[in-house]
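Please keep the model open while reading.

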Amino acid sequence: MVLALIGNQNSGKTTLFNQLTGSNQHVGNFPGVTVEKKEGRIKNLKDVTVVDLPGIYSLSPYTAEEVVTRDFLLKDRPDGIINIVDATNIERNLYLTLQLIELNFPMVLALNMMDEVSASGGSIDIPKLEEWLGIPVVPISASKNQGVSELVSRITSVAELGTSPKRLDFCSGEVHRAIHAVAHLVDDHAFVQRIPLRFAATKLVEGDIPTINALKLNQNELETLKHITDEMEAIVGMDREAALADMRYSYIEKASAAAVHKSGETKEQRRSLQIDSVLTHKYLSIPIFITIMGTIFWLTFGVIGAFLRRIMNVGISFITGVTDTALTRAGISPIVHSLVIDGVFAGVGSVLSFLPTILVLFFFLSMLEDSGYMARVAFVMDKLLRKIGLSGRSFVPMLIGFGCSVPAVMSARTLASERDRKMTIMLTPFMSCSAKLPIYAMITAAFFTEHEALVMISLYLLGIAVAIIYGLILKSTLFRGNPVPFVMELPAYRLPSAKTITLHMWEKAKDFLRKAFTVIFVATIVIWFLQNFNIRFNPVTNSEDSMLAAVGTFLSPVFAPLGFSDWRASTALLSGLTAKEAVVSTLAVLMNVSNPEGLAPLLTKIFTPLSAFSFLCFTLLYMPCVAAFAAIKREMGSLIEAVSLMVMQTGIAWLVAFIIYQTGKVLI
Amino acid sequence: MTLNELKAGSRAVVTSVGGEGALRRRLLDMGITPKTLVLVRKVAPMGDPIELFLRGYELTVRSDDAAKIEIKPVE
């Protein structure tokens, strides 16, 4: 049995899904889009699968999330629908419910957050609401796990018996007449195409293009349809979309007047207003936001992250040490020894080194998201990102990009629209990540001792400037057309549940390990191989003779117009693909210095100050490391798209460094 | 009068929803339909977007989009 879980954003859908399935979940993407698809088996019910569909407000055909949901319902035909509704915000939540009922699937309404309604002295007359809606209604509190088992038994029995909703009619007057006339007109088409008739008729009256196409109406029928809706519009005095929205909301108003007894705002809503008087305050909001993000960065990349990383490194080097001794004692050939220690262990080590950062960062991000603060960040910061065609919601992923592109790209998944997600993922790698700092430090120490800060700041600003220009270009090319409207709910602040946060962290860690392991691991082994063998596949003792150096030498003319044609520079850039810090260590090896500190004075051999700056700019902008690539591939859901992003980004890096070097040469 | 012209703290009734395509549909879906009572809760720190209170919940819209919503102020 397959059940679909559907509801508005912020209705507690994820919490309910976690209660239903526990850690028994599988996360993937809907084919061809970056929309997340979660599936899980209901606890103690092996043969019942729940599919968690994206949080949506309507079955309109405009966003990828809505289209995916419609397609899933119409094509995969679940055995039943669990529609979760926020009882503290019942009017707007029922709007989706009325559209779902028209699909005529067995369906149960899960009336969530009933504890909050009761606590504030309100009540909802369940039998009356069932009567108005024609479907079973189960009051629950997903966060307290109340009513969930009752919900499961109701939906499984309804789905097993195939009980359809008792009521499909929510309209009156002229709209009613139009829907019935259209239903009559298309009933054979709907039958042939297996589209629920009532849903088809309502969508046709609404002017819904995908339904019009799916039903394959002939010219005659299209004209009749137009005639019916034109007449309806004339009599109602509203266009079709407004008329249907009005019809649904009018019905909901009547239903809630009959069944919902509210005593004003709930405690949570009153509290939210008080919190917002500070957090979205005219002058305080931005300093508070900076403080919060600063603290998160400090804790993630400084205190906690660094502590966990140290523990992890101790563990890794212990195991490496033990293996190293064992291999030496066993007299294994130096090549295999090097493969295990410098290839396998280094590869695994570099994958694992991301883990503490990801865990800690997603702990905080999950807190921000689930508490409702993220929506406020979007509200406060929206104006800044609007010019490049994004909304305030993209601000946090981009900010995290200054720490590490991997979690930044992964965090873009919470954005509500596919367009915003993709664009944010494309722009985030231009935010200079913290792994690039050692490179900046090395070069500035060698060439710009008097202007260290200036050079550093200019690099960060250059990254942002390039992202803005790239964003503007994307907006008028790849993402042309209307952006997804920024009409966003500000949910009441709620204390995030430990279970949701833990599951979220676990999911992100698992996701990263599973998807990134192969890519990072293979890449590390390949680079190891290139570093340790020459073109005749013989092991080398001097890294100058390695295949990597050969590739670097082969590529070096490409960088000549940027001012650094030395093969060591291009080889270092190549090795930077495993992790950006590797640029420094590779340069050190190739320049024959034992420690990076001794490197600075030698750099003047291969760089002039101008070409060093051009090298920095290229390093800042060129394709991210393989871990970030793996994350991008995962979130984009397509290898081709991920690879073309890398090519684009490296092209941009080349172009910018070229312009800077050539302009500099003329000026100096 | 349009919704973006309404001062923070004042109420109005929606008379018609303009705009087109995805934006207009989203506004209607979120409950901004004719005859709905709307309160302008506040304006974002940078002067845009605005926060509305309607149908028992808080909603944010950009000023440019609010300009497409015709209203009649309520005392």
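1. Two strands pair if DSSP finds at least two bridges between them. Helices (H or I, at least four residues) and strands (E, at least two) are DSSP runs, numbered from the N terminus. By this rule β2(B) and strand β3 (residues 50-54) of chain B pair over five bridges, in the antiparallel sense. B:L39 stands opposite B:F53 in β3(B).

2. A word on the basis. This is a predicted model, in which local features need pLDDT of at least 70 and side-chain atom pairs count only at pLDDT 80 or more, while totals for chains, interfaces and linings use all residues; side-chain values use heavy atoms, with hydrogens and water left out. Residues are numbered from 1 along each chain as its sequence is written, and chains are lettered from A and ligands numbered from 1 in the order in which they are written.

3. Next, confidence. The predictor gives the complex an ipTM of 0.97 and a pTM of 0.89. Chain B has a mean pLDDT (the predictor's confidence in each residue, from 0 to 100) of 94. In chain B, 100% of the residues reach 70 or more.

4. Back to the strands of chain B. β2(B) and β3(B) form a hairpin with six residues between them. B:G47, in the turn, has a positive phi of about 90 degrees. Strand β1 (residues 11-17) of chain B runs antiparallel to strand β2 (residues 37-43) of chain B, and three bridges join them. There, B:R11 has B:L39 of β2(B) as its bridge partner.

5. Which strands make up the open sheet of six? The order is β10(A)-β4(B)-β3(B)-β2(B)-β1(B)-β5(B), with antiparallel pairing. β10 of chain A and β5 (69-74) of chain B stand at the edges, each with a single partner strand, so one side of each is left without a neighbour in the sheet.

6. The sheet takes in strands of both chains. β10(A) pairs with strand β4 (residues 57-61) of chain B over two bridges, in the antiparallel sense. A:E489 has B:L59 as its bridge partner in β4(B).

7. Now the interface. The contact (heavy atoms within 4.5 Å) takes 47 residues from chain A and 32 residues from chain B. The two chains bury about 3600 Å² between them, 57% of it on carbon and sulfur atoms. Buried area is the accessible area (1.4 Å probe) that two parts lose on being put together, summed over both. On the chain A side, A:F379, A:R386 and A:V487 lose the most area to chain B, together 19% of what that side buries.

8. How many salt bridges cross the interface of chain A and chain B? The rule (a side-chain nitrogen of Lys or Arg within 4 Å of a carboxyl oxygen of Asp or Glu) finds nine. One links B:R24 to A:D239, with the closest N and O atoms 2.5 Å apart. B:R25 forms a salt bridge with A:E241, at 3.4 Å between the closest N and O atoms. B:R25 lies in helix α1 (residues 21-29) of chain B and A:E241 in helix α11 of chain A, so the pair joins two chains. Over all chains, the whole structure holds 37 salt bridges.
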